[in-house]
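Here is a short briefing to read with the model open beside you. Please take a look at the fold first.

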Amino acid sequence: MHFDLTDLALFQHTLECGNITAGARRSHLSLPAASARIRAMETSLGIPLLERNRRGVQPTPAGQALLQHARLIAAQVERLQYDLAQYAKGQQGQVRLLCNTAALTEYLPELLARYLVEYPGVSIDVQEQPSLRIVQAITQGMADLGIVSTAAPSGHLQTRVFRDDPLVLVMPEGHALAEAAAPDFVQSLAYGHVGLGPNSALALHLEEQALRLGHRMRVRVRAEGFDGVIRMVAGGAGVGVVPLASVRRWEGVLPLHWVALHEAWANRQLQVCARDFSALPGYAAALVEHLLMV
C-alpha cells in the first residue's frame with residue numbers, strides 16, 4: 001500500500017465535494033488523473049473505497065476509515081507548515097468552521113474579520129448548519145471547529161463556552177401575546193410567524209420544536225437575517241423567535257415587545273467545539289483563542 005499526500009488530499013476533497021469532478025478541481029488535478037489515482041488506491045488496498053451513483057460518491061466503511069486518517073494527516077501537515085512558517089513570518093492554511101445561525105449572524109463577522117487581518121495567510125471556510133449536524137460533522141472529522149448550541153448533545157467532544165445566547169419571542173406592540181403573563185412558544189404557534197429562510201439552522205430547529213409539540217409553524221413570510229425578521233415583526237407581519245442580542249439593537253428604535261422563552265432549548269449557550277483542541281494546527285488554535293476573547 002502506497003499513498004502520497006496528493007492521493008489523500010484528493011480523496012478528502014472528493015468526499016467533501018460529493019463527486020470526483022469537483023474533488024479533482026479542488027485538488028488542481030484533471031478528472032482523468034484524479035480518477036486514475038482513486039482507482040490505484042482501491043487496487044492497492046484490494047477493496048472499494050467509494051460507492052458511485054448518479055448523485056456522486058459516498059465512502060464505503062473502508063473509505064470512511066481512510067477519510068478520518070486523511071483528515072488527521074492533513075491537520076498534522078498543516079500544523080507542521082504553520083509552525084515552520086513562523087520562522088518566515090507568514091502562514092498559510094484554511095480553517096473549516098461550522099456554526100449555527102445565531103453565531104454566524106450575531107457574533108462572528110467582526111471576530112473573523114479581526115482574525116483575518118491578524119493572519120493574512122489564513123482563509124476560513126464558514127458554513128451554516130444546525131447544531132446537531134455540526135456535532136456529527138466534527139465527530140466524523142469533516143470540519144476543524146464548530147459553534148453549537150448547548151441544546152445539541154456534544155459531551156463526547158471538547159467544548160469551550162463562546163457566548164450566552166437566549167432566544168426570545170418578539171411581537172409588535174399591542175399584540176395579543178403582549179398582554180399574556182408569560183407567553184411561551186406553543187402559544188405563539190396560534191399566530192403567523194416571520195421566519196428565516198427554510199434552510200437556515202434556526203428555522204429548522206424551530207420547526208422541529210413545533211412538531212414535537214404536535215403543531216406546525218405557520219410561517220407567513222421569510223426574511224434574510226434577524227434584522228429582517230425583527231423589522232417585519234415591528235411592521236405587524238407576525239411574531240418571531242430570535243436571539244436576544246439581535247433584539248437589543250432595535251430597542252427604542254422600532255415598536256417592539258419581547259419576552260423571554262422559558263423552554264430549556266431556548267435558554268441556551270453557544271460553545272466552540274472540536275475533537276481535540278490540542279491537535280489543531282497552530283492557526284486554528286489561534287482562531288479558537290480569538291473567538292473566546294471577550
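This is a predicted model: local features need pLDDT of at least 70, side-chain atom pairs count only at pLDDT 80 or more; totals for chains, interfaces and linings use all residues.

Residues are numbered from 1 along each chain as its sequence is written, and side-chain values use heavy atoms, with hydrogens and water left out.

**Annotated domain**

- An unreviewed UniProt entry places the feature "domain: HTH lysR-type" at residues 3-60; UniProt positions follow the numbering used here, feature names are shortened, and annotations may be inferred rather than shown by experiment.
- Over residues 3-60 the chain is 60% helix and 14% strand, with the end C-alpha atoms 18 Å apart; helices (H or I, at least four residues) and strands (E, at least two) are DSSP runs, numbered from the N terminus.

**Salt bridges**

- The structure holds 13 salt bridges, each defined as a side-chain nitrogen of Lys or Arg within 4 Å of a carboxyl oxygen of Asp or Glu.
- One of them joins the side chains of Arg26 and Glu16 (2.7 Å, N to O). Arg26 lies in helix H2 (residues 20-26) and Glu16 in helix H1 (residues 5-17), so the pair ties together parts that are 10 residues apart in sequence.
- Within that pair, Glu16 is buried, at a relative accessible area of 18%, whereas Arg26 is partly exposed, at 33%. Here buried means under 20% relative accessible area, exposed over 50%, and partly exposed in between (1.4 Å probe, protein chains only).
- Arg160 and Glu289 also meet through their side chains in a salt bridge (2.8 Å, N to O). This pair links distant parts of the chain, with Arg160 in strand E6 (residues 158-164) and Glu289 in helix H11 (residues 282-292), 129 residues apart.
- Arg160 is partly exposed, with a relative accessible area of 31%, and Glu289 is partly exposed, with 44%.
- A further salt bridge connects the side chains of Arg222 and Glu207 (3.1 Å, N to O). Arg222 sits in strand E9 (residues 219-223) and Glu207 in helix H8 (residues 201-212), 15 residues apart.

**An antiparallel sheet**

- 3 strands form an open sheet in the order E10-E7-E11, with antiparallel pairing; two strands pair if DSSP finds at least two bridges between them.
- Strands E10 (240-243) and E11 (256-260) are the edge strands, each pairing on one side only.
- Neighbouring strands of this sheet are turned by 40° against each other on average, direction ignored; axes are lines fitted to C-alpha atoms, for helices over the stretch in contact, and angles run from 0 to 180 degrees between N-to-C directions.
- Strand E7 (residues 167-172) is joined to E10 by 4 bridges, and Val168 has Val242 as its bridge partner in E10.
- Helix H9 (residues 226-234) packs on the sheet and touches E7, E10 and E11, its direction making about 140° with that of E10. Contact means heavy atoms within 4.5 Å.

**Nonpolar cores**

- The largest nonpolar core has 59 residues, and those with the most contacts inside it are Leu108, Leu145, Ile147, Phe162, Phe185 and Leu291. Such a core is a set of buried Ala, Val, Leu, Ile, Met, Phe, Trp, Tyr and Cys residues joined through side-chain atoms within 4.5 Å.
- Helix H5 (residues 101-118) gives the most to this core, with 7 residues.
- Apart from this core lies another, of 26 residues, among them Leu8, Leu15, Met41 and Leu66.
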